[in-house]
Amino acid sequence: MEALIVRRRAHLLASLATLGLAWLALLPWLGAAQADDTLEYKIKAAYLYKFAPFVAWPDKVFASPDSPINVCVSGANPFGAALDRIAAGQRVGGRPVQVKHVASVAPDSLCQIVFLGGSAEQSPAQGAAALRGQPVLTVTDGAGGIIGFVLVDNRVRFSIDKAAADESHLAISSKLLSLAVEAH
Amino acid sequence: MAGLLAVGPAMADVPSLEDLSKFSIEDLANLPVTSVSKQAQPLSDAPAAIYVIDADDIRRSGANTLPEILRLAPNLEVAQVSGSGYAITARGFNGTTTTNGAGNKLLVLIDGRTVYTPLYGGVFWDLQNVLPEDIDRIEVVSGPGAALWGANAVNGVINIITHSSADTQGLSARLDGGTLENQASVQYGGTLAPVATFRLYGQGYLRGGDPNDFGTDMRDAWNRLQGGFRVDWTPGDAQVTFQGDVFTGREGQALGPNAVIGGHNIMARWIQPLGQGTLQAQAYYDYNTLYLPGSLGDALHTYDLDLQHGFSLGESQEIVVGGGIRFLHDRFTNTATVKFLPAIEDLHIANAFVQDTVAVARDVSLVLGMKLEDDPFENVEPLPSARLSWRPSDTSMLWAAVSRAIRAPTLWDRDLTELAGGQTILGGGHFQSEKLIAYEAGYRAQPLANVSFSFSAFYNSYDDLRSIEFSSNPNFLVEYANEMEGETYGAEAWGSWRPYDWWTLSGGFSLLKEDLRFKPGSSTIGGLMTAGNDPTHQIFLRSAFDLPHGIELDIDARYVSVLPEPSVPAYLGLNARIGWHVTDAVELALTGTNLTGPHREFNSPLQGIVLQPEGLLTVTWKH
């Protein structure tokens, strides 16, 4: 009787283990099959234009007091439609927010904020390098941009590269600096 | 505020894009990202009767122990049995080892670690302790949670979640001195690396004894020393947690020497975002022991491994799949009259589950769950559930559910053997699972920014409940069997109203009717009281004032109706607390408990303790 129970249990555990392995084999497929419209990227999309009130650009960046603030996504767009939808109709300090999608960035891209999604011809790091010293707030997943998103304790937080911001003549408010997990 | 559907980003619902556009940048920084993981999902969004006790409620209660904190949940029955012992349940069947091992239908988790004992299916509350300051929230679900959580989640689930060590940085200390309880704790949190934080804590707790109804000292004073740590590490986008605790204590007994308790546990959890989903792996080891020197004792080792993967499938489905194995090694020190046979048991529990949340329409969702559980004594049990919810507006939800749950056999049901005068009284044991089909419905809403409420009703149909029968085996007089059945039904309601920024009123109500009976041919030994002892209704009222000069005043009243057998009179319990934030770092508080006078909460006048009015002065310091 006891032996029977033990055998049945061993069988069940083996079945579970097999199921688990089959599942792990399926994972890459599941990962690839999905559009990335997670809450994480919705939050990042909201951040992108909400950074604007905490950043002061040099006056020459805007033609007039009501010129738009251009929020760009360069290369891969992880936000789906979320960024376009959330930023639609928003105004920051009297300026309308406009979302632009570009394949790569250069100093003349006319972006005030850019998320560097990266592409085959321009990685996020190359994009950040191309805009170094330009009055553009570069944002990346992880390090690389002036602002880098990081996940801390299941929350979307960010670090700020203050030296790069200074070099780009962007004045970042102390409030935003205090919210950063790391400002250096 | 403990209400559901709190305004702002604390709201557990996954926020829409429109919500996000209204959030401040601080709100965004504090919004949890994961919404699919079993551990990380805020259950408040679930179509179930769930009450959330938050960190501020806990602080303002002045409570020092988990059972006292759980009194804040209106969908629980909490009765103190001895200085260190409690009977806690949801929706009936309350009891402890002192009442035939009832109170065995609740699943309790501390940071994902299951803490009910396989010895009898209940919780030894004296072995479970978390620093109150470290608790982020406690999710209390009344009703079955078997499809996702497992076999003991028959009548309810209590999910205790502690803060990340990133949220408990710096040095803090708390000292409590009172007429009955004394407590001291110190905690330090720091960083190990830019992406890793830790905390370390130590605590000593000491509680005096109580008399019974005849004024006899029950000699139930006890003490406990505990320490522990937690490390949170975020390599890349993963979240990794290591945590552990160690404790030891002594508990007075009405007769004989002090009991000795002790234990330790260690856990590792890895949460890895993967594509659009989240993969989570968790492993823990838990050891605890409880013994009377020279007499009976129990030592239990638990090894547990769980894996789960949550992800979206297409536009409208959220899937969680997972499984786990648990290995238990239990050693019971038998005495001449009480034995567990065999005294050493190795038990294996394995489970696999899948849950699919389908967005049927924009405002209607269906949660289908199925868990297969292989418990130590029986065949694989299917535990299915279906939950339907409709959100007529952003701030209200109507839900209904049907679930099957089981209470699996425990060592108590199968291995317990009692002897008297050399004769075996209780033994044998062909006890099978107790089975429940539960029907529930509820409504919760936040009609105004400062008003929220929840209402839930249930009808539970139980079969194969435990009974004590004359044994057909001539070696035993009686044995545990499954010859009881019946229905319970009732309702729970709670709400919160904040008429002014400085005043919050909250209230709760629970109603329980039990219609249990023995099946034809049952020996009916011990009567229906062997199933548990419950009040038919409870009423809760709480008022929280924020006064000028950093002063808080909290008044908390509860009415618990008569318990039938053993008979316990209805009582009104009244607690009050005055807290003063002297500086940003220092808080002083004076808490009065049982201010309406002495009362008994469980057991007979001879066995039950009588709780006395109690005063407690608390100093909290945070650097």
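Which residue in E7(B) does Leu109(B) stand opposite? In this predicted model, Leu109(B) stands opposite Asn159(B) in E7(B), where strands (E, at least two residues) and helices (H or I, at least four) are DSSP runs numbered from the N terminus. Residues are numbered from 1 along each chain as its sequence is written, while chains are lettered from A and ligands numbered from 1 in the order in which they are written. Because the model is predicted, local features need pLDDT of at least 70 and side-chain atom pairs count only at pLDDT 80 or more, whereas totals for chains, interfaces and linings use all residues.

The strands E4(B) and E7(B) belong to an open sheet of five strands in chain B, ordered E1-E6-E7-E4-E5 with mixed pairing, two strands being taken as paired if DSSP finds at least two bridges between them. At the edges of this sheet lie strand E1 (49-54) and strand E5 (113-114) of chain B, each of which pairs on one side only. Strand E4 (residues 106-110) pairs with strand E7 (residues 156-162) of chain B in the parallel sense over five bridges, and Val157(B) in E7(B) is the bridge partner of Leu107(B). With E5(B), in contrast, E4(B) pairs in the antiparallel sense over two bridges, and Ile110(B) has Arg113(B) as its bridge partner there. The hairpin of E4(B) and E5(B) has two residues between the strands, and in it Asp111(B) takes a positive phi near 50°. E4(B) is mostly covered, with four of its five residues buried; a residue is buried if 20 or more other C-beta atoms, placed from the backbone, lie within 10 Å of its own, exposed if 12 or fewer, and partly exposed in between.

The largest nonpolar core has 76 residues, and those with the most contacts inside it are Leu70(B), Ile88(B) and Val140(B); such a core is a set of buried Ala, Val, Leu, Ile, Met, Phe, Trp, Tyr and Cys residues joined through C-beta atoms within 7 Å. A second, separate core of 47 residues includes Leu48(A), Val105(A), Ile147(A) and Ile160(A). In strand E18 (residues 344-361) of chain B is found Asp346(B), which counts as exposed because it has 12 C-beta neighbours inside 10 Å.

For chain A, the mean pLDDT, the predictor's confidence in each residue from 0 to 100, is 80, and 79% of the residues reach 70 or more. Confidence in this chain is lowest in helix H1 (residues 2-32), at a mean of 48, and highest in strand E6 (residues 137-141), at 94.
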